[in-house]
Amino acid sequence: MLTQYRTCPSIDLDIELLTSIKGIGQNSAMHFLAEVGDISRFSSHKKLIAYCGLDPSIYQSGKSKIESHISKRGNAHLRRIIWLMSVSVVIHNEYFREYFERKRAQGLPYKKAIMAVAHKLLRTMYAMLKKREEFNVDFALDVSEPILFLPSWETPVSFHKSLLILSSYIV
């Protein structure tokens with residue numbers, strides 16, 4: 001079945017895009033695409049996460065709102081594929097490994113840290129398939145604070161440092 005699914009040229013491009021992430025192979029990419037179908041069905045990455053059943057279940061009563069485990073309302077096969085992909089990218093991809101280690105350092109147990117990687121991986125794959133771009137580590141890196149490029153300065157300056165510099169001129 002997967003060989004018939006792969007005859008479409010746009011599917012080949014999608015597989016190529018997904019396999020640009022180190023740690024995702026062709027079989028995983030094909031299974032993911034076969035379960036998800038057309039990515040344009042989802043208006044946001046949040047809807048894709050909910051379709052997979054990885055969204056948090058919410059219990060509300062009165063003023064209390066408790067978010068606990070994943071909802072598991074989505075596709076169980078897709079959830080398994082994403083779990084395997086997440087474990088693989090943690091092993092083979094430095095970017096996702098650093099994210100995983102940061103979550104572990106924050107005190108999350110192994111499985112919750114892998115689920116955090118799964119969320120990040122799904123957001124990344126959603127953006128790649130929507131924009132038709134390969135995975136780029138330089139673009140994916142998080143910047144903790146905005147960087148300003150002001151005309152008079154040659155090097156980029158963080159927002160807080162620029163406030164300090166500008167406040168010294170105001171006095």
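In this predicted model, the largest nonpolar core has 40 residues, and Ile21, Phe32, Leu122 and Met125 are the ones that touch the most other members. The top contributor is α7, with 12 residues.

Which residues does Phe32 contact once its neighbours within four places in sequence are left aside? The list runs Leu18, Leu78, Ile81, Ile82, Met85, Leu122, Met125 and Leu129. Two of those partners, Leu122 and Met125, are themselves among the residues that touch the most other core members.

Next, α4. Its buried residues include Leu48, Ile49 and Cys52. They span an arc of only 100° around the axis, so they sit on the same side of α4. What do the buried residues of α4 pack against? The answer is α3, α5 and α7.

Now for the rings. The aromatic pairs come to 5 in total. In the pair formed by Phe42 and Tyr51, the ring centres are 5.3 Å apart and the planes meet at 55°, so this one is tilted. Phe42 counts as buried because its relative accessibility is 6%, under the 20% limit. Tyr51, at 29%, counts as partly exposed. Tyr51 also has a charged neighbour: Arg41 lies over the face of its ring, 5.2 Å from the ring centre.

Phe100 and Tyr110 make another pair, with ring centres 5.7 Å apart and planes at 80°, so here the geometry is edge-to-face. Phe100 belongs to helix α6 and Tyr110 to helix α7, so the pair ties together parts that are 10 residues apart in sequence. Buried or partly exposed? Phe100 is buried, with a relative accessible area of 10%, whereas Tyr110 is partly exposed at 39%.

Elsewhere, ring pairs join Tyr95, Phe96 and Phe135 into a cluster. There is a charge over Tyr99 too: Lys120 lies over the face of that ring, at 4.8 Å from its centre.

The chain has 1 salt bridge, going by a search of the whole structure. Its partners are the side chains of Arg132 and Asp14, which meet at 2.1 Å, N to O. Asp14 is buried, at 11% relative accessible area, while Arg132 counts as partly exposed at 40%.

You'll find Gly23 in the loop between α2 and α3, partly exposed with a relative accessible area of 25%. Its C-alpha atom is 8.7 Å from that of Val87, although the two residues are 64 apart along the chain. Not counting residues up to four places away in sequence, Gly23 touches Ser88, Val89 and His92.

Here are the accessibilities of the residues from the ring pairs, the salt bridge and the loop, side by side:

| Residue | Relative accessible area | Class |
|---|---|---|
| Phe42 | 6% | buried |
| Phe100 | 10% | buried |
| Asp14 | 11% | buried |
| Gly23 | 25% | partly exposed |
| Tyr51 | 29% | partly exposed |
| Tyr110 | 39% | partly exposed |
| Arg132 | 40% | partly exposed |

Finally, zoom out to the whole chain. The secondary structure comes to 9 helices and 4 strands, and along the sequence they follow the pattern α-α-α-α-β-β-α-α-α-α-β-β-α. Of the 171 residues, 33% are buried. Among contacts with a separation of 6 or more, 55% are between residues 24 or more positions apart.

Methods:
Residues are numbered from 1 along each chain as its sequence is written. This is a predicted model: local features need pLDDT of at least 70, side-chain atom pairs count only at pLDDT 80 or more; totals for chains, interfaces and linings use all residues. Side-chain values use heavy atoms; hydrogens and water are left out. A nonpolar core is a set of buried Ala, Val, Leu, Ile, Met, Phe, Trp, Tyr and Cys residues joined through side-chain atoms within 4.5 Å. Buried means under 20% relative accessible area, exposed over 50%, partly exposed in between (1.4 Å probe, protein chains only). Helices (H or I, at least four residues) and strands (E, at least two) are DSSP runs, numbered from the N terminus. Contact means heavy atoms within 4.5 Å. Rings of Phe, Tyr and Trp (its six-membered ring) pair if their centres lie within 6.5 Å; planes under 30 degrees apart count as stacked, over 60 as edge-to-face and the rest as tilted. A charge sits over a ring if NZ of Lys or CZ of Arg is within 6 Å of the ring centre and within 35 degrees of the ring normal. The arc is that of the directions from the helix axis to the C-beta atoms. A salt bridge is a side-chain nitrogen of Lys or Arg within 4 Å of a carboxyl oxygen of Asp or Glu.
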